[in-house]
Amino acid sequence: MEMEYGTPQHFMCPISLQPMQDPVTSPTGISYDRRAIHRWLAAGHSSCPVTGHPLSLSDLTPNLTLRRLIHSWHHSTTTPFPVERSTPSPPPLREVDDDDVVERLVMEMEGGGGGSWCPPSCDLLREAAAVAAGSGVARRRMVGAGVLRRVLRLVVWCGGRGSSSGEAAVMVEMFDACLALFHALDVSADELRPLVADGHDLVDAVTRVMATLEAGDANATRARESAVRLLEAVTEAADAPVLERLSPEFFSAATAVVRDRGAVSPGAARAAVRALANACRARASGACRNRALAVDAGAAREAIELELDAWSSPQAPGGRRATEAVMALLAELCACAEGRAAVASHPAGITVVARRVLRVSAAADACAVRVLAAVAGRAASPEVLREMARVGAVGKLCCVLQAECDAGVKEAARAVLRMHSGVWSGSPCVSAYLLSRYL
């Protein structure tokens, strides 16, 4: 390749076989051109084209170093892609008439053909997703034409279809194509918020479909991953009235994705944890109810198990983001008595949280200290206090006072240490010198 086209091999996209313009890297370490990999995923694929490992859009990260190298190489040569006349150029990606796709999509979604309304074909939805993923102009045109609102209504329509085997298979295919287009549109929370102001039907429809998806089926797994990413986006953009009316099935479906983390991509498991954390945010007046529902669904236990899996495989992609999501969820759950009991009763609950303090990020530190402060509150049992001393949680709180942490985080750690200094100062697992020095 390098000899034929004059381009270093590591600058070439494995999909398009052309030099990359905007390289992004997958968790497996393979770099692709953003437009090519977006089209690949929008076409219905859910795995890395080179390694075959599970892959979704949320797993991709910009490779800025490679991009600078490509641009530097491009400007350092007068003929960036020297090709002999007798040498055929690599096959380009199939060209699509973006305007025609947008017009056909809007017409079919509006029922422009007359008669009873029929949903657009899955092929058209996937073609539109590929166009939106590859062209910012087309993406903005679709959003401006109301495609996003119609896609969400189509998702609700899919959730109301029958459950017979034949109809279920068609429904899953349509559902997956709708979600592929939704994610390709790449809308912000501000753009999505007006559309989910009364999004109860949308969340219920997505949860119903997720409950019918069969484990082990590749198409169902891909649809499930896309669905939980939609739930993450909706719960992030939704206001309190929507969050207050979330059903128990929502918490069961999201927790099930975390439980089945070995069968889904790391990005899907993180999206499920974030969706649960969004649903339990304190700004919703029904947060206490949602926290109890999440704990009943096993969210605290599965979040801790997810973090334990990250320990057993330190090379796992997205470790920092996963830890931040897990700590944020545990911090929200520990605002209720059921959540504190779930963390304290897990054999590795306090250990997991304590070990992550001062190791990941400031955001993870703040949430982890909130968890430890909640678990060691005034109602903490002697067994919990002894466990915190034994696994090093007390020592970590002392280290927080020494480190460059936020003042609020330090104050929370200091309050816990003061509250139980009488118990911990006599423990052989805690340095009495540290307690006396920093208190």
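Me: In which hand of crossing does α17 pass α19, left-handed or right-handed?
Reply: Keep in mind that this is a predicted model. Helix α17 covers residues 319-333 and helix α19 covers residues 349-356. Where α17 passes α19, the crossing is left-handed.

Me: How does α17 lie relative to α19: roughly parallel, roughly perpendicular or oblique?
Reply: The axes of α17 and α19 are 11 Å apart, and the packing angle is about 125°. Roughly perpendicular stops at 115 degrees and roughly antiparallel needs over 145. So α17 counts, relative to α19, as oblique.

Me: Which residues of α19 make the contact with α17?
Reply: From the α17 side come T323, M327 and L330. By class, the contact has four nonpolar residues, one polar and one charged. On the α19 side, the residues are V352, V353 and R356.

Me: What about α11 and α14, roughly parallel or oblique?
Reply: Helix α11 (residues 218-237) packs on helix α14 (residues 266-279) with axes 8 Å apart and an angle of about 30°. The cut-off here is under 35 degrees. That is why α11 is, relative to α14, roughly parallel.

Me: How many charged residues are in the contact of α11 with α14?
Reply: In α11, the residues involved include E225, R229, E232 and E236, and in α14 they include R274. The contact also has six nonpolar and two polar residues. The charged ones number five.

Me: And what share of the chain's residues is buried?
Reply: The chain has 25 helices and three strands. Of its 439 residues, the buried share is 50%.

Key
Residues are numbered from 1 along each chain as its sequence is written. This is a predicted model: local features need pLDDT of at least 70, side-chain atom pairs count only at pLDDT 80 or more; totals for chains, interfaces and linings use all residues. Side-chain values use heavy atoms; hydrogens and water are left out. Axes are lines fitted to C-alpha atoms, for helices over the stretch in contact, and angles run from 0 to 180 degrees between N-to-C directions. Helices (H or I, at least four residues) and strands (E, at least two) are DSSP runs, numbered from the N terminus. Angles under 35 degrees count as roughly parallel, over 145 as roughly antiparallel, 65 to 115 as roughly perpendicular and the rest as oblique. Contact means heavy atoms within 4.5 Å. Ala, Val, Leu, Ile, Met, Phe, Trp, Tyr, Cys and Pro count as nonpolar, Asp, Glu, Lys and Arg as charged, and the others, Gly among them, as polar. Buried means under 20% relative accessible area, exposed over 50%, partly exposed in between (1.4 Å probe, protein chains only). A crossing is left-handed if the near helix is turned anticlockwise from the far one by less than a right angle, and right-handed if clockwise.
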